[in-house]
Amino acid sequence: VIIEKEDIRIKRMSRKAGTLIIFLVDASGSMALNRMNAAKGAAIHLLSEAYKSRDKICLIPFHGVRAEVTVPPTKSMTLTKNRL
């Protein structure tokens with residue numbers, strides 16, 4: 001068997017796979033509103049660039065031992081704004 005240069009093919013990924021960024025926010029205490037607003041701003045900013053990087057975000061506020069998924073993993077700006 002003879003292998004020629006033309007027999008070898010290389011496929012390079014042109015883009016990286018997306019990243020899931022999870023915002024887990026402490027929604028208890030007096031600073032909860034500030035933390036939630038900061039997380040919302042960061043989530044919207046990341047999604048505005050998600051079409052380039054294929055990133056998804058998820059927002060989960062917690063209070064004590066309870067947590068609720070406010071924004072499930074998504075790259076949709078519309079869904080995120082509606083949920084926030």
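1. Strand E1 (20–26) and strand E2 (residues 56–63) run parallel to one another, joined over seven bridges; two strands are taken to pair if DSSP finds at least two bridges between them. Within this pairing, Ile 22 has Cys 58 as its bridge partner in E2. The names used here follow DSSP runs numbered from the N terminus, where a helix (H or I) needs at least four residues and a strand (E) at least two. The model is a predicted one, in which local features need pLDDT of at least 70 and side-chain atom pairs count only at pLDDT 80 or more, while totals for chains, interfaces and linings use all residues. Residues are numbered from 1 along each chain as its sequence is written, and side-chain values rest on heavy atoms, with hydrogens and water left out.

2. The hairpin of E2 and E3 has two residues between the strands, and Gly 64 takes a positive phi near 65° in it. E2 also pairs with E4 in the antiparallel sense, again over two bridges, and here Leu 59 stands opposite Val 71 of E4.

3. His 63, in strand E2, deserves a separate remark. His 63 is exposed, because its relative accessible area is 52% and the cut-off for exposed is over 50%, with buried meaning under 20% and partly exposed in between (1.4 Å probe, protein chains only). Leaving aside neighbours within four places in sequence, His 63 is in contact (heavy atoms within 4.5 Å) with Ala 27 and Ser 28. His 63 and Ser 28 are 35 residues apart in sequence, yet their C-alpha atoms are 5.0 Å apart in space.

4. Gly 18 lies in the segment before strand E1 and counts as partly exposed, at 39% relative accessibility. Beyond residues up to four places away in sequence, Gly 18 touches Ser 53, Arg 54 and Asp 55. From C-alpha to C-alpha, Gly 18 and Lys 56 are 7.0 Å apart, although 38 residues separate them in sequence.

5. The largest nonpolar core has nine residues, namely Phe 23, Val 25, Met 36, Ala 39, Ala 43, Leu 47, Ile 57, Leu 59 and Val 71; such a core is a set of buried Ala, Val, Leu, Ile, Met, Phe, Trp, Tyr and Cys residues joined through side-chain atoms within 4.5 Å. E1, helix H1 (32–48) and E2 are the elements that give two or more residues to this core, and H1 gives the most, with four. As background, nonpolar side chains tend to be buried together in soluble globular proteins.

6. Thr 80 lies in helix H3 (residues 77–83) and is buried, with a relative accessible area of 0%. Its side chain reaches the backbone oxygen of Ser 76 at 2.9 Å. Apart from residues up to four places away in sequence, Thr 80 touches Ile 44, Leu 47, Ile 57, Val 71 and Thr 74.

7. Thr 74, which lies in strand E4 (residues 71–74), is likewise buried, with a relative accessible area of 9%. Thr 74 touches Leu 47, Lys 56, Ile 57, Leu 79 and Thr 80, not counting residues up to four places away in sequence.

8. On the overall form, the protein chain has three helices and four strands, which run β-α-α-β-β-β-α from the N terminus on. The radius of gyration, taken over C-alpha atoms, is 20 Å, well over the 12 Å that the globule rule gives for 84 residues, so the chain is more spread out than a compact globule; the rule is 2.2 Å times the number of residues to the power 0.38. Along the principal axes, the C-alpha atoms fill a box of roughly 70 × 25 × 15 Å.

9. Buried residues make up 23% of the 84 residues in the protein chain. Among contacts between residues at least 6 apart in sequence, 54% join residues at least 24 apart.

Methods
A polar contact is a pair of N or O atoms within 3.5 Å; within protein, one must be able to donate a hydrogen and the other to accept it, and residues adjacent in sequence count only if both atoms are side-chain atoms.
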